[in-house]
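Here are some notes for a colleague opening this entry without having seen it before. They are set out as numbered points, to be read with the structure alongside.

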Amino acid sequence: MLKKLCFGLMLLLVFEMAKAQEKSIDTTAVIILDRMSSVFGELKSLGFTSTVSRDLVYAEDFFIKVFSSSDVKIEGPNKLSARIHGENKEDLYSYNGEQVIYYSYQNNIYTVADAPDNLIETIDWLYTDFGIELTTADFLYPSFSKDFTEQMDYVGFLGIAQVEGKRAFHIAGSNESITVQIWISDDSYFLPIKTLITYFDGPYANQHETDFSDWEINQDYPDSIFEFSPPPSAKQITWMRQN
Amino acid sequence: MEKLRIKLWVLGVGLIGMVFISDLAQAQRVRAGAGRAGARPATTRQAPSREMSRPPSRPSTRPATRPSTSPSSRPNMSSRDNIHPKNSSSRPTLNGGANKVTRDRANNSKVSNIRNNPSDNRGGGNRNTINNNITINRNNVNVRNNHVRNYRPYRPPYRPYPRPPYIWGGYGFSWFRPYYYHPYRPYYWGPVWHPWGFFVAALATTAIIVSIENQDYNYNEGVFYVETDDGYVVVEAPQGATVKVIPKESKEVEVSPTVNNYYYGGTFYEKSDGGYTVVPPPAGAVVDALPEGGEEVKVGDQTYVKIGDTYYMPVQEDGKDMYEIVQVEEVEE
């Protein structure tokens, strides 16, 4: 009897251990993500429109949805232009390889900061120093599939879905604090059509949804579009760093 | 046999044709590719023109290198490419590059953080250099009075803030009213009022001497001066100083249901036994005008006016542009 009990306990322990280490990564999903990442890795320039809706805690037990859209143009290795249309603001972030400029169309004020000399570092620096989160940039870098599969406990291919009339691969990843869904177009470029992130780490779960459209691949953008000339009477103000 | 020969001939021609056409197509594609890649190898595209003409000292060298491209040195249209190396030879453009009338203006980086106050040092006009050096002479006067004992950039409100503070760089920013941006336009309180750093050769006869912490100030009509070698320089009102009268234009500011302060020229006074005592700006209170000497700073998504060490947030009350004094306290991250 005791033997049986011990055996049962051991079995339970082994089972629990196995459960703790459980990590399920679907190879089909990884192949699709890899393909998307490698396309991004080979691009010289990229343009797209992203439409974002996200939940915002307005007060306790009071969520509101905030909408915005961005016209983004990125050119390797060090150019970026993002014009963000929010509900009550319109902003521009412009990076010419040397400086990042923020301009508020509504208030006609701008800030200038000397930036790192490449895009990846600049995107990180914008976040750490100025709290600017270019969420879409999280998906658009070459090692995305590697980082994604490392950070997620579960990555799965949920099948073919129709998103806005297009065939798309529906892929999901999750860990204890986040669930990420990505719909990747089933065509030669494997570009994302939609992403939906659900965060569980706050007091309430909240979502961040992005729709991508108007992709421009390897267009030869003129340098001038990444340069900023202050409009007449625009006022430069000081930009406060976080550290 | 003859038919077979014709068939073979046709096949041969067909094959040659296919090879030739595919070669042409290939050449076309390669050329297109080479054209692009050659013209803009992503990593080196900017190198020749930019990095040579403006290396580390970007803003200062830029104007210096510009004159060579100015119209006067332009012999004829054919040298356009030399004038505008940025849009030049290595990169075919529609019309040989733009021939702009305006010059590109160098944008100077202006970044700060909450812990240091580099942008206090501003001169210009009738103003003197502002720094923390206490030496008294006309060009080196400490117009800030944040060294006085118990100096505070603000004093906390009587009621708690309804929301947790907005954390930025180790500091928590708190306010009551909704943020409503309006541009900072310094206000002038009439001909006898002057901003910090303003120099006057002589004072009005109504000026009195106020002494606090072994420092003499000359006070007149809501303005504090420090004597220099050849005149007087306006300084920040020293907190704790008491004066008998304040200008009649002073406005009452509600600090709590029972306490009102008086506001004039960027200084807050509280009525005391001996008259009116200079007090720190009351966080949570609103004022309708700010003096010269402040700067607009972007902290996260919002823009404040920073005067000395105090942050004022643009708000609106009853449809009128106002500023709320913000509480900015250090927080543990």
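1. In this predicted model, strand β2 (residues 45–59) of chain A pairs with β12(A) in the antiparallel sense, over 8 bridges. One place to look is L46(A), whose bridge partner in β12(A) is I217(A).

2. β12(A) also pairs with strand β11 (residues 192–199) of chain A, again in the antiparallel sense. This pairing runs over 6 bridges. β11(A) and β12(A) form a hairpin, with 6 residues between the two strands. Y199(A) stands opposite N206(A) of β12(A).

3. E216(A) lies in strand β12 (residues 206–217) and K73(A) in strand β3 (residues 62–75), both of chain A. The two residues are 143 residues apart, so the pair links distant parts of the chain. Over all chains, a search of the whole structure finds 17 salt bridges.

4. Turning to the helices of chain A, which residues of α2(A) meet α4(A)? They are V30(A), L33(A), D34(A), M36(A) and S37(A), and on the α4(A) side the residues are F144(A), S145(A), F148(A) and T149(A). The axes of helix α2 (residues 27–42) and helix α4 (residues 144–151) of chain A come within 8 Å and cross at roughly 145°.

5. The next point is the interface between the chains. Here 34 residues of chain B are in contact with 41 residues of chain A. The two chains bury about 3500 Å² between them, and 43% of this is on carbon and sulfur atoms.

6. How many salt bridges does the rule find across the interface of chain B and chain A? There is 1, and in it the side chains of K235(A) and E296(B) meet at 2.7 Å, N to O. Across the interface of chain B and chain A there are also 15 residue pairs in polar contact, both residues of each pair being at pLDDT 80 or more. On the side of chain B that touches chain A, the elements giving two or more residues are β1 (111–113), β2 (166–168), β15 (295–299) and β16 (302–307) of chain B. β15(B) gives the most, with 5 residues. By class, that side of chain B has 10 nonpolar, 9 polar and 15 charged residues.

7. Strand β14 (residues 238–241) of chain A pairs with β1(B) in the parallel sense over 3 bridges, and N113(B) in β1(B) is the bridge partner of R241(A). β14(A) also pairs with β15(B) in the parallel sense, over 2 bridges. There, V297(B) is the bridge partner of T238(A).

Terms used. Residues numbered from 1 in each chain as written. Chains lettered and ligands numbered in written order. Predicted model: local features only at pLDDT ≥ 70, side-chain atom pairs only at ≥ 80, totals over all residues. Heavy atoms only, no water. Axes fitted to C-alpha atoms, helices over the stretch in contact; angles between N-to-C directions. Helix = DSSP H or I, 4+ residues; strand = E, 2+ residues; numbered from the N terminus. Contact = heavy atoms within 4.5 Å. Buried area = accessible area lost by both parts, 1.4 Å probe. Salt bridge = Lys/Arg side-chain N within 4 Å of Asp/Glu carboxyl O. Polar contact = N/O pair within 3.5 Å; in protein donor to acceptor, adjacent residues only side chain to side chain. Nonpolar A, V, L, I, M, F, W, Y, C, P; charged D, E, K, R; others polar. Pairing = 2+ DSSP bridges.
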